[in-house]
Amino acid sequence: MRIAILSRNSKLYSTRRLIEAAKARGHDVDVLNPLSCYMNINARESSIHKHGVELPYYDCVIPRIGASVTFYGTAVLRQFEMMGTYPLNESVAISRSRDKLRSLQLLSRKGIGLPTTGFASQPQDIPDLIDMVGGAPLVIKLLEGTQGIGVVLAETRQAAESVIEAFMGLQSNIMVQEYIREAGGADIRCFVIGDKVIAAMKRQAKEGEFRSNLHRGGSASLIKLTPAERATAVKAAKTMGLNVAGVDLLRSNHGPLVMEVNSSPGLEGIEAATEKDVASQIIAFMEKNAKAHKTRTKGRG
């Protein structure tokens, strides 16, 4: 098969591993910077171009679209979809998962466990907003933040009020969440492919930090999931419509709680912690489903 990987940097670990895994299984792979692609949209024969040249037909496309280029990146991915290419994750599912508030609303509608979350826009609503999530300590998150950036732990009510007022004053969209103290600064990254959790790791925040992101100095280790945690992770990915997802869970006194569903989960931490060849499992899943997709659509090529 001819595979396109939408990535702005072919040297990133996750991109490199996907290239290696695809080539090892006999596929042709091109890495395309989505920002370098542009589209001809018409009723007869739409196309995608790069540097003045029309791109060939691809059987599959793997989106590795960063949060900062979600709008343009998903537009390029959508163009591939319109041309009959099989997407590992669909553009609409990526957009859905990138909207933190929308994703939590969808998960809650499906009865999936979540930290109690509040959202408001007016300063006069701050006292009730804080009460809504159980008071301080609480977590304040920028809706546009990634990799732990824009996440604040407010340990007192006064601190929470000050931070929320400051964010509102800057016209920033934030949400407020209950702080799950019993999680102990740790979360669980579940790597979901299709209807299975194929790998999982525990991410522990470094000393003096409550954010467990590996980019912020957190450590990763192998962990055994409970049946409830596996079921929650798979259900969360399916609710977003994602074939491949990183589902982040917290262990609470009332069961697993979903923090976030990531549509472009990194491979480095999970492969190192679990010693599993996650990249090859992604390519194998894509091979199987691309064939089924081709029988359902006319496509090109």
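Predicted model: local features only at pLDDT ≥ 70, side-chain atom pairs only at ≥ 80, totals over all residues.
1. R251 stands opposite P256, which belongs to β16. Seven bridges join strand β15 (residues 244-252) to strand β16 (residues 255-262), and the two run antiparallel. Helices and strands are here DSSP runs numbered from the N terminus, with at least four residues (H or I) for a helix and at least two (E) for a strand. Two strands count as paired if DSSP finds at least two bridges between them.

2. Residues are numbered from 1 along each chain as its sequence is written, and side-chain values use heavy atoms, with hydrogens and water left out.

3. The protein contains nine helices and 16 strands. Its radius of gyration, taken over C-alpha atoms, is 20 Å, close to the 19 Å given for 301 residues by the globule rule (2.2 Å times the number of residues to the power 0.38), so the protein is as compact as a globular protein of that length. The C-alpha trace spans about 60 × 40 × 35 Å along its principal axes. Of the 301 residues, 52% are buried; this word denotes a relative accessible area under 20%, while exposed denotes over 50% and partly exposed the range in between (1.4 Å probe, protein chains only). Among contacts (heavy atoms within 4.5 Å) with a separation of 6 or more, 66% come from residues 24 or more positions apart.

4. The domain assignment divides the protein into domain 1 (2-96), domain 2 (117-179) and domain 3 (182-288). Such bounds come from an automatic or database assignment. Between domain 2 and domain 3, the C-alpha centres lie 25 Å apart.

5. An open sheet of three strands has the order β3-β4-β5, with antiparallel pairing. Its edge strands are β3 and β5, each of which pairs on one side only. Strand β3 (residues 37-40) is joined to β4 by four bridges, and Y38 has H49 of β4 as its bridge partner. A hairpin of six residues connects β3 to β4. Strand β4 is in turn joined to β5 by two bridges, with V53 of β5 as the bridge partner of K50. The hairpin of β4 and β5 has two residues between the strands, and H51 there takes a positive phi near 55°.

6. The structure holds one aromatic pair. Y58 and F80 form this pair, which is edge-to-face, with 6.1 Å from centre to centre and 70° between the planes. Y58 lies in the loop between β5 (53-54) and β6 (60-63) and F80 in helix α2 (residues 70-82), so the pair ties together parts that are 22 residues apart in sequence. By the criterion used, rings of Phe, Tyr and Trp (its six-membered ring) pair if their centres lie within 6.5 Å; planes under 30 degrees apart are stacked, those over 60 edge-to-face and the rest tilted. Both Y58 and F80 are buried. The charged end of R2 sits over the ring of Y58, 5.9 Å from its centre; the test requires NZ of Lys or CZ of Arg within 6 Å of the ring centre and within 35 degrees of the ring normal.

7. Helix α2 also holds T70. With a relative accessibility of 13%, T70 counts as buried. Its contacts, leaving aside neighbours within four places in sequence, are with I65 and R98.

8. Is E155 buried or exposed? E155 is exposed, at a relative accessible area of 59%. This residue is placed in the loop between β10 (151-154) and α6 (157-169). Apart from neighbours within four places in sequence, E155 is in contact with A136 and P137. From V258, E155 is 103 residues away in sequence and 22 Å away in space, C-alpha to C-alpha.
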